[in-house]
Amino acid sequence: MENLVFCLNATIPIFITLMLGYLFRKIGLYDDSFVSQMNKFAFKVALPAMLFLNIAEADFYEVWDTKMVVFCFVATFCSIAISIGLSFLLKPRDIQGEFVQSSYRSSAAILGMAIIQNLYGNVGMAPLMIIASVPLYNVMAVAVLSFLKPGSHGMSRQMVMRTLKGIAANPIILGIVTGLVWSMLRLPLPTILYNTVNNLGKTATPLGLMAMGGALHFGKVFSRPKATIACTFLKLVGFCAIFLPIAIHLGFTHDKLVSILIMLGSATTVTCYIMAKNMGHEGSFSSSVIMLTTLLSSFTLTGWLFICRSLGLI
């Protein structure tokens, strides 16, 4: 019960913030133009700042575990491959890119950190998991959303070049790369720089949620219920059922296992909606999956944690 209450306290405020964004637009506090500008700011400034700080603060050489990094990378890559394969079963395929991204991208830096801190009093091995998975999350998201954009016609040379250029210039990718270099070189984070970037990063989630809520149109959000349920199941249950037993077999326990669980089974990150909207996708499917996984993850994560604790693994 204690774990359930904690998870609810961590996830329900996120869902409420999203719905407040919808409410504020409905009552005329802001309009679609303001939502669009808020969306762009979160994508180009706030999210890159948050990702940079998360990665730059992680000390490569102190927490490095090659075995865990390789496992997180391979599990993430396999999850993406599974999502892409299943996405070809969609009819029609206009939400294919959003389906793939929403099914594998976790809210590791937000919900994940909170749960690990609650269990162990610190972030444990979460920074290592973030280093291994988050860059791949974002690089593959840019590639998937570019290649599977509605109206796209095959994989021409021009399209490949545009995609590579988009990946190289993507603000989120730039934030990740800068954070990786900063961490590897062990560069200091002066208080002024840290506080400034931290303040920008703190706006990423609330602004992203408010922008997403403000853009919601419920007639569209649940227009693809079967695909939404399938994507939600894959995100919260499917990948955990596949990869957690493998992680346990490889000997991962305690904070390492919890970090892997967060990577596999936490709610879909709000970044999915922001990136989808900014890369030419409609965004409503991403919104529905984020809403549903955010609400249900408090129950599914508690269930996975209970199973692991009952087995003496955490």
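Reader: Which residues make the nonpolar surface patch of about 470 Å²?

Author: This is a predicted model, in which local features need pLDDT of at least 70 and side-chain atom pairs count only at pLDDT 80 or more, while totals for chains, interfaces and linings use all residues. Residues are numbered from 1 along each chain as its sequence is written, and side-chain values use heavy atoms, with hydrogens and water left out. The patch is made by I16, L20, L23, I27 and L29.

Reader: Is L20 buried, partly exposed or exposed?

Author: Buried means under 20% relative accessible area and exposed over 50%, with partly exposed in between (1.4 Å probe, protein chains only). L20 lies in helix α1 (residues 2-26), helices being DSSP runs of H or I with at least four residues. Its relative accessible area is 33%, so L20 is partly exposed.

Reader: How many residues of helix α15 are buried?

Author: Helix α15 spans residues 271-278 and is mostly covered. Among the buried residues is C272, which has a relative accessibility of 0%. Of the eight residues in α15, the number buried is six.

Reader: How many disulfides does the count come to?

Author: A disulfide is a pair of cysteine sulfur atoms within 2.5 Å. By this rule the count is zero. C240, for one, is in no disulfide, as its nearest cysteine sulfur, that of C308, is 8.7 Å away. The sulfur of C272 is 8.4 Å from the closest one, in C231, which is too far for a bond, and the total remains zero.

Note on methods. Helices (H or I, at least four residues) and strands (E, at least two) are DSSP runs, numbered from the N terminus. Patches are made of residues with over 30% relative accessible area and no salt bridge: like charges are joined within 9 Å, nonpolar side chains (Val, Leu, Ile, Met, Phe, Trp, Tyr) within 5 Å. Accessible areas come from the Shrake-Rupley method with a 1.4 Å probe; for residues, only the protein chains shown count as cover. A salt bridge is a side-chain nitrogen of Lys or Arg within 4 Å of a carboxyl oxygen of Asp or Glu.
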